[in-house]
Amino acid sequence: MNHWENCVREDVESSGRGSLAVEKFLCGGRLVFGPDGGSVLLSTFLIGGPALTFCLKMYLRIPEVNFLYGRLVLIIGLVLTFLDLFLLFMTAASDPGIVPRNSRPIDADGADSVVSLDWTQYGTPSFKLPRTRDVFVNGHTIRVKYCDTCMLYRPPRASHCSICNNCVQRFDHHCPWVGQCIGVRNYRTFYMFVSTSTVLCIYVFTFSLLNLTKEPGSLWRAMSKDIISVTLIVYCFISVWFVGGLTAFHFFLISTNQTTYENFRYRYDRKENPYSQGMMKNIKETLFSKSVPSMVNFREWVIQEDNSFVDSISQRYCGDIVKPNGKIDLELGKPPSFLQNLDYNGIDESLKKDKGGNVNLDPYFFPTDQEDKYATEGSLADDDGTEFSSQRTSSATYRTQA
């Protein structure tokens with residue numbers, strides 16, 4: 001079974017419960033869409049609808065205008081439209097930089113862990129890993145956080161997307177218009193997409209307005225006769241503020257080497273940005289550097305082991321004595337929950353003494369030779385028999401539980 005056939009990856013959280021992070025894969029894992037990848041269709045309609053309407057109108061107006069002018073405007077409009085849709089598709093269908101998660105928690109013995117005396121719902125003392133770690137980047141100390149869902153320390157500038165349920169390298173934001181996270185591997189195509197959308201809006205707005213001004217008569221009369229051009233002008237005027245604002249904002253982020261998440265969260269204007277190398281180097285690093293290779297091979301064939309039954313049994317009955325790394329801890333200072341909930345009435349009945357003061361052992365648990373042993377030990381008790389009797393009872397109870 002491979003990733004793109006089942007299209008579902010099960011993520012094991014630190015609480016022991018399973019959560020589903022649904023990714024959509026096409027073309028054998030070459031195309032990776034986010035869980036809300038259907039929003040790409042809406043964005044395609046919002047971009048392609050008005051743009052192709054403009055191109056169709058220009059095609060019908062070719063006989064009325066200069067032949068070269070009409071053909072040139074039409075060809076440029078088509079190129080901008082399909083380029084914009086192509087960049088939208090590339091942004092939505094590429095791996096944003098997903099960080100592969102661990103299949104099990106980090107070994108508490110191998111890390112600087114903190115043992116908490118608080119017991120969890122399963123009766124196990126919680127082994128708490130440090131929530132943060134300090135790493136050095138360009139001579140600056142950067143604090144990285146531990147992700148409970150992915151069970152790893154996030155790389156610098158990475159963050160966990162609550163929608164995609166993945167940690168993403170150089171996480172910028174989750175864009176609802178492309179249905180995908182924007183990270184280190186698709187930020188360049190995303191910026192080119194919003195920039196091309198801005199140019200396309202300005203282009204359609206300009207030439208639709210020129211079509212109105214070239215109509216004979218007054219402007220109001222031309223507007224009443226050409227409703228399509230008026231609609232395109234209003235639509236592009238509203239849209240250009242949105243995509244144009246995004247283009248300007250992200251150019252500022254690129255020139256200062258920030259992400260949207262960092263700009264809203266950390267405010268580098270209050271402290272020095274450890275990643276900034278100057279405006280020109282920042283632009284070169286973001287737009288003209290080599291693309292970062294993917295950390296996950298979505299085309300790789302893997303064997304998915306079904307351990308849900310074993311995990312549920314071990315979590316329910318052995319979660320008290322089994323550490324996250326699979327080791328057994330017998331020095332918990334408190335009986336596990338599955339031992340606390342057992343019925344000991346049968347054991348108490350089997351340990352009742354007879355008239356001679358000897359313990360009546362259940363023959364199912366103890367053979368005849370052990371009964372003789374306890375009978376011999378019973379003769380060594382003192383007058384009240386409390387001390388030695390309690391020791392024998394404790395020993396018998398321990399052997400019964402074993």
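Two strands pair if DSSP finds at least two bridges between them.

A word on what is on the screen. This is a predicted model, where local features need pLDDT of at least 70 and side-chain atom pairs count only at pLDDT 80 or more, while totals for chains, interfaces and linings use all residues. Residues are numbered from 1 along each chain as its sequence is written, and side-chain values use heavy atoms, with hydrogens and water left out.

First, the overall picture. The protein has 13 helices and 13 strands. Of its 402 residues, 39% are buried; buried means under 20% relative accessible area, exposed means over 50%, and partly exposed is in between, using a 1.4 Å probe and protein chains only. Now take contacts (heavy atoms within 4.5 Å) with a separation of 6 or more: 58% of them join residues 24 or more positions apart.

Let's turn to the sheet I like here. Which strands make it up, and in what order? The order is β7-β8-β9, an open sheet of three strands with antiparallel pairing. The edges are β7 and β9, each of which pairs on one side only. Strands of a sheet pair through backbone hydrogen bonds, either parallel or antiparallel.

Start with β7, residues 132–137, which pairs with β8 over six bridges. Along this pair, V135 stands opposite I142, and V137 stands opposite H140. Two residues lie between the strands of this hairpin, and N138 takes a positive phi near 55° there.

Rolling a probe the size of a water molecule over the atoms shows where empty space is left. In this work a pocket is an open set of points on a 1 Å grid over the protein atoms alone, where a 1.4 Å probe fits, with protein on both sides within 12 Å along at least five of seven lines; lining residues have an atom within 4 Å of a point. The second largest pocket holds about 500 Å³, a volume being the space filled by probe spheres set on the points, which are joined across faces, edges and corners. Its lining has 23 residues, and the closest to its centre are I142, R143, Y266, Y268 and Y275. Which element gives the most to that lining? The answer is β8, with six residues.

Finally, two residues in loops. R157 sits between β9 and β10 (159–161), and its phi is near 75°, a positive value in a residue other than glycine. N257, in the loop between α6 (227–256) and α7, also is not a glycine, yet has a positive phi of about 55°. Is N257 buried or exposed? N257 is buried, because its relative accessible area is 0%. R157 counts as buried too, because its relative accessible area is 14%.

Key: Helix = DSSP H or I, 4+ residues; strand = E, 2+ residues; numbered from the N terminus.
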